[in-house]
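Let's take a look at this one together, starting with the overall fold and then zooming in on a helix pair.

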Amino acid sequence: MSPSSAGTPPASRERRGWAWLGLVPFLAFLGLFLLLPTVGVIRKAFIANDGNFTSDGFTSAITDERPAFANSIKVSLITAAMGVVFGTTIAYAAATARRPKWLRSAVSAFSGVAANMGGIILAFLFFTLLGRQGLVTKILTDNGWNPYESGFSLNDFSGIMLVYMYFQIPLMVLVTLPAIDGLKTSWREASANLGGTTFTYWRRVGLPVLAPSMMGGFLLLFANAYSAFATAYALNTQANLVPIKISFFLQGDVTGRSPLPYALATWMIIFMAISMGGYLILRKRAERWQR
Amino acid sequence: MSNRFTRWLGRLGPTLVLLAAAVFFIAPLVSSFRVAFHKVPTVLLDRHTWFQKWSFEGVRRAFDEPNFWPTLSLSLRLALITVLITMALLVPTALFVHLRLPKARALVEFFTLLPYVVPPIALVAGIAAFYRANARWFLNTDYALAPFYVVMAMPFTYRAIDAGIKAIDVRTLVDASRSLGGSWAMTLRKAILPNMATSLLSSAFLTATVVIGEFTIASTLAKNTFATFSFEYFGRDAQGGIGLALLTLIGTTGLLGILTLLTRTKSRRAMSTTSRF
């Protein structure tokens with residue numbers, strides 16, 4: 001903080017220039033602990049063992065690890081789509097419920113908690129529920145249907161996706177709840193007064209207003225699932241997903257020579273930049289109705 | 001009559017949705033509670049065994065693990081350091097942007113969101129790529145994790161601090177304090193920070209929660225934090241591991257949830273940021 005007074009008239013042009021110096025600690029910190037590692041990843045993805053520039057490692061990562069990419073994209077697309085559907089439905093149900101009064105704040109507080117709950121603990125909780133010895137597995141088996149005999153397993157993608165829903169749905173609730181609050185009762189009344197049915201209201205007013213939040217939420221959820229490591233790792237340390245491959249190759253790569261983990265990480269950064277960028281743009285648009 | 005019936009039917013859908021959601025979200029907590037405190041294997045579970053052998057034995061075993069206290073203490077120290085660095089770095093930056101450099105606001109906000117683009121698993125690849133080669137001594141200390149946790153938490157810590165500043169009229173507070181002869185240090189200590197206490201507290205709690213649960217970076221860099229210990233211990237002793245996981249959940253996330261509920265009434269705006277997104 002600069003020691004000069006805040007009560008003086010607006011600073012001259014010259015002093016404005018100096019004011020940027022106040023951001024130096026912040027920018028230096030980000031430079032050291034975010035920019036340098038990021039540049040390090042990208043550099044290693046493109047530098048061959050002989051020190052020359054090559055994009056071979058970067059492109060061959062996709063062909064070498066095609067199943068991991070395919071699985072990661074599949075898991076992320078499916079859990080994001082289901083998260084959008086269930087999250088929006090739950091948010092709408094919670095937002096429109098009049099009673100009990102505490103319901104809405106309870107749903108939003110719990111969503112804030114559960115959206116952050118991804119990780120090893122979440123995986124442990126689900127082992128007790130749907131693992132081979134899980135409570136629900138036991139109840140279902142006792143009633144004549146063993147999910148493990150029908151192709152379900154907590155260790156494969158069916159299980160991983162189910163567990164991901166535990167943080168994907170609440171995240172979507174957090175994203176859409178403000179947007180749903182932004183739907184004004186007067187719009188519905190206006191639509192009805194002009195002779196619109198419930199269907200017209202949703203088609204012409206409701207969904208167009210919610211659309212940016214829902215699309216933005218989809219991108220956010222996609223990024224969230226694509227980059228999730230701990231939950232999947234705890235469910236299955238061998239799962240063929242991009243984040244787990246990165247960790248596997250990093251730990252195996254003692255010499256630091258293989259470009260593979262860094263190429264995979266660079267691809268992840270590209271994926272994140274696109275989906276998070278889209279999310280932030282759409283969020284700006286969605287906020288237009290949330291005043 | 002029929003009108004009332006249709007209205008009842010209209011409420012039925014949302015009610016069922018919320019009930020189904022409640023079951024999905026509460027069931028894993030219930031089943032893990034049983035495993036943690038009930039020493040009956042699931043296979044033998046029936047009407048007769050349901051009321052037998054409830055105990056705290058699993059949790060007690062976890063406490064007796066030789067690595068329990070050292071790793072917990074490391075994670076708590078990391079959480080404290082991360083919170084302190086976050087406050088020391090972001091509070092002055094956010095205040096500075098508000099008071100002296102408003103035109104940099106969008107830019108700074110954009111920078112604080114960049115960690116979303118480099119998720120933990122990519123960040124740890126970067127740490128390996130850059131710091132393993134250039135500053136191995138730095139990575140050798142356990143505390144090297146803290147600055148990266150600051151970066152990881154930055155998108156929401158900055159948002160919470162920023163919302164805290166927006167919720168109070170900083171400019172007026174500063175002008176009032178300065179015109180009464182207060183120094184900058186005194187203005188900060190007596191006028192600004194007390195008014196931001198709620199948002200600072202919630203962002204500190206959220207940061208601590210993230211640090212204590214952080215597994216990706218710690219495990220890839222082979223650090224013995226509480227999260228990596230919990231993972232390793234769960235592999236050996238599921239009951240104790242689950243007990244530990246539940247306690248961690250109550251100790252971090254549960255506190256955060258209570259904090260969210262308590263402070264919600266005070267300032268809606270600041271609280272909407274008590275989440276990672």
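Here is a short report on the chain and one of its helix contacts.

## Ground rules

This is a predicted model, with local features needing pLDDT of at least 70, side-chain atom pairs counting only at pLDDT 80 or more, and totals for chains, interfaces and linings using all residues. Residues are numbered from 1 along each chain as its sequence is written, while chains are lettered from A and ligands numbered from 1 in the order in which they are written.

## Overall picture

Chain A has 13 helices and zero strands (DSSP runs: H or I of at least four residues for helices, E of at least two for strands, numbered from the N terminus). Its C-alpha atoms fill a box of roughly 75 × 70 × 35 Å along the principal axes.

Of the 291 residues in chain A, 45% are buried (20 or more other C-beta atoms within 10 Å of a residue's own, with C-beta atoms placed from the backbone).

## Helices α5 and α8

In chain A, α5 (residues 103-115) packs on α8 (residues 157-181) at about 130 degrees, axes 8 Å apart (axes are lines fitted to C-alpha atoms over the stretch in contact, and angles run from 0 to 180 degrees between N-to-C directions). α5(A) and α8(A) are therefore oblique to each other, a label for whatever is left once angles under 35 degrees (roughly parallel), over 145 (roughly antiparallel) and 65 to 115 (roughly perpendicular) are taken out.

Notes:
Buried ≥ 20, exposed ≤ 12 C-beta atoms within 10 Å, placed from the backbone.
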